[in-house]
Amino acid sequence: MIRESTASRRQDSVNKAAKSVLLGYSRRMRIVIVSITVLVGLSAVGIFMLGPGLAENRVNAVIAHDPYTVTDRAKQLHGELFVADLHADSLLWRRDLRRSAARGHVDIPRLQAGNVALQVFSATTKSPSGLNYNGNRADARDDITALALVQRWPVATWHSLYARAEYQLTKLIELSTAVPGQLQLIQTQTDLNDLLKRRSNGEPIIGALYLIEGAHPLEGNLANLDRLFDRGLRIIGLVHFFDNDVAGSLHGLKRPGLTDFGRQVVRRAEELGMIIDIAHASPRAVSDVLDMATRPVLLSHGGLRGHCPSPRNLDDDLMRRMASAGGLIGIGFWKGAICDASPDGVVAAIRYAIDTLGVDHVALGSDFDGAVTVAFDASELAVLTERMLIAGFTEKEIAAVMGGNVQRFLSTQLPAQ
C-alpha cells in the first residue's frame with residue numbers, strides 16, 4: 001500500500017508538471033496566434049490604407065526639379081488662355097480630387113493653379129500587368145482588378161468591366177455635384193457655352209468630360225453604350241493595351257482591324273453624337289475607323305512616330321490622314337510618347353506635330369495620373385507657355401495648342417443639347 005501510494009504521488013507530480021507545461025505551451029501558442037492575427041490585420045489595414053498611395057507615388061511620379069521660371073509675359077498670356085487637356089486617369093485613384101494632394105498629377109486646386117478650363121477624365125477598366133508596348137495578351141493578369149480590391153471599390157467592379165466604367169463615371173458626377181462652382185460636367189454644346197460664359201465672368205470653374213479608355217467595358221453589348229451615353233459618356237476609346245472584341249490594339253498580339261461588333265460600336269457612337277478616340281488602336285483599326293467615320297476623330301494622348309520612334313506611336317502618314325479629316329491629336333507628356341519628357345521635350349513634340357499636321361490639329365494629351373512619369377503636374381502648365389515663347393511660337397499657335405483647338409473641336413462635335 002505504501003509503495004502504491006508513493007507511486008501514485010509520483011504520477012500525480014508528473015501529471016501536474018505535464019499539465020503545467022501544456023498550459024504554458026497553450027498560453028504561448030495563444031500569444032503567437034493572437035500576434036499573427038494582429039500582424040495580418042495590420043498588414044491588411046496597411047494594404048488598404050497605405051497601399052494605393054504607395055503605389056500611386058511610384059507610378060504617377062513627377063521628376064524632381066527646382067521651380068520653373070515663368071516670365072511675367074508668359075504668366076499674363078497663360079492666364080488669358082483657354083487651357084484644355086484631353087486625357088487624365090485621375091478617377092482611377094483613391095484621392096479626394098477636391099483637395100490638393102502631395103501625390104499624382106491632377107486635382108481641382110492644381111487644375112485651377114494651372115488655369116485649366118477643361119479636363120477630359122478617362123476611365124481605365126482593364127490593364128495588363130507591365131503595360132508592354134510590344135504585345136500583351138488579353139487574358140494577362142489585370143492590374144485594375146487588384147486596384148479595385150485594394151481601393152475597396154464596389155463588389156460589382158471586381159468582376160465587371162462595365163461596372164468599373166460606371167463606377168468611375170459616378171465618381172465624376174458626384175464630384176461635380178459636390179463642387180458645382182468648381183467643376184462642371186460637359187455633355188453638350190450648350191454646357192460648353194455655359195462654361196465659357198462662367199469663365200469669362202471670372203469663375204474658376206473647370207469643365208469635365210468623361211472618356212472610357214477602350215470599349216471592352218461594353219462587354220459585347222451595344223446597349224451598354226447607350227446606357228453610358230445617357231449618364232454622360234461623350235468620348236469612347238476603342239482599345240487599350242490588348243486586342244479586344246471591338247478592335248486590335250497597337251500593343252496587342254494579332255493587332256487586327258475593326259471587328260463586326262466594332263463597326264457597330266463606331267456606327268452607334270456616331271449616331272449618339274459621341275467622339276471616337278483612336279489612342280492605342282492598331283494601324284489597321286485606325287484605317288478602318290477613318291474609312292467609315294463620318295465625323296472627325298481624336299487621338300487623346302500620344303505622339304508621332306516621325307518625332308519619337310516609339311512603339312506607342314502611329315506612323316505620320318496615318319496621323320496626316322486623321323488630321324485631313326478634321327481630327328485632333330493630344331501630345332503626351334511622358335517619355336514613351338515623346339522620347340524626352342522635359343518641358344522642352346514636350347514643346348519639341350508639339351512643334352513637330354504642328355509642322356507635320358498643321359496647327360489646327362494639335363492639342364495637349366498629358367496622360368496625367370496614367371502610370372506615367374512627367375516633368376510637371378497640372379499646376380505647372382504655364383511652363384509650356386513659357387517654353388513655347390522661348391522656342392519662337394506665335395501667341396496664336398500657343399493659344400490653339402493649349403486649348404483653343406479643343407474648344408473649337410468640341411463646339412461642333414458634342415451633341416447640341
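**Exercise 1. Determine how R351 is classed by accessibility in this predicted model, and identify its salt-bridge partner.**

*Solution.* Step 1: R351 has a relative accessibility of 24%. Buried residues fall under 20% and exposed ones over 50%, so R351 counts as partly exposed.
Step 1: The salt-bridge partner of R351 is E397, and the closest N and O atoms of the pair are 3.0 Å apart.
Step 2: R351 belongs to helix α12 (residues 343-357) and E397 to helix α14, so the pair links distant parts of the chain, 46 residues apart.
Step 3: With a relative accessible area of 15%, E397 is buried.

**Exercise 2. Locate the residues of the salt bridge between R95 and D369, and state whether each is buried or exposed.**

*Solution.* Step 1: The structure holds 21 salt bridges. In the one between R95 and D369, the closest N and O atoms are 3.0 Å apart.
Step 1: R95 sits in the loop between β1 (83-88) and α3, while D369 sits in the loop between β9 (362-364) and α13 (382-390); the pair therefore ties together parts that are 274 residues apart in sequence.
Step 2: R95 is buried, at 11% relative accessible area. D369 is also buried, at 0%.
Step 3: Salt bridges with shared partners join E56, R95, R103 and D369 into one network.

**Exercise 3. Describe the salt bridge between R321 and D291, including the accessibility of each residue.**

*Solution.* Step 1: The closest N and O atoms of R321 and D291 are 2.4 Å apart.
Step 1: R321 is in helix α10 (residues 316-324) and D291 is in helix α9 (residues 283-292), so this pair ties together parts 30 residues apart in sequence.
Step 2: R321 is partly exposed, with a relative accessible area of 31%, whereas D291 is exposed, with 55%.

**Exercise 4. Characterise the packing of helix α6 against helix α14.**

*Solution.* Step 1: Helix α6 (residues 189-200) and helix α14 (residues 395-413) pack at an angle of about 145 degrees, and their axes are 8 Å apart.
Step 1: The crossing of α6 and α14 is left-handed.
Step 2: Helix α6 contributes Q189, L192 and L196 to the contact, and helix α14 contributes Q407, L410, S411 and T412.
Step 3: Helix α14 also contains K396, which counts as exposed at 71% relative accessibility. The C-alpha atoms of K396 and V359 are separated by 9.4 Å, although the two residues are 37 residues apart along the chain.

**Exercise 5. Find the residues of the nonpolar surface patch and place W158 in the chain.**

*Solution.* Step 1: L149, V155 and W158 make a nonpolar surface patch of about 270 Å².
Step 1: W158 is in the loop between α4 (143-150) and α5 (161-178).
Step 2: The relative accessible area of W158 is 37%, so W158 is partly exposed.

Definitions and conventions
Residues numbered from 1 in each chain as written. Predicted model: local features only at pLDDT ≥ 70, side-chain atom pairs only at ≥ 80, totals over all residues. Heavy atoms only, no water. Patch = residues over 30% accessible without salt bridge, like charges linked within 9 Å, V, L, I, M, F, W, Y side chains within 5 Å. Areas by Shrake-Rupley, 256 points an atom, 1.4 Å probe, with all protein chains shown as cover. Salt bridge = Lys/Arg side-chain N within 4 Å of Asp/Glu carboxyl O. Helix = DSSP H or I, 4+ residues; strand = E, 2+ residues; numbered from the N terminus. Buried < 20%, exposed > 50% of the residue type's maximum accessible area, 1.4 Å probe, protein only. Axes fitted to C-alpha atoms, helices over the stretch in contact; angles between N-to-C directions. Left-handed = near helix turned anticlockwise from the far one by under 90°. Contact = heavy atoms within 4.5 Å.
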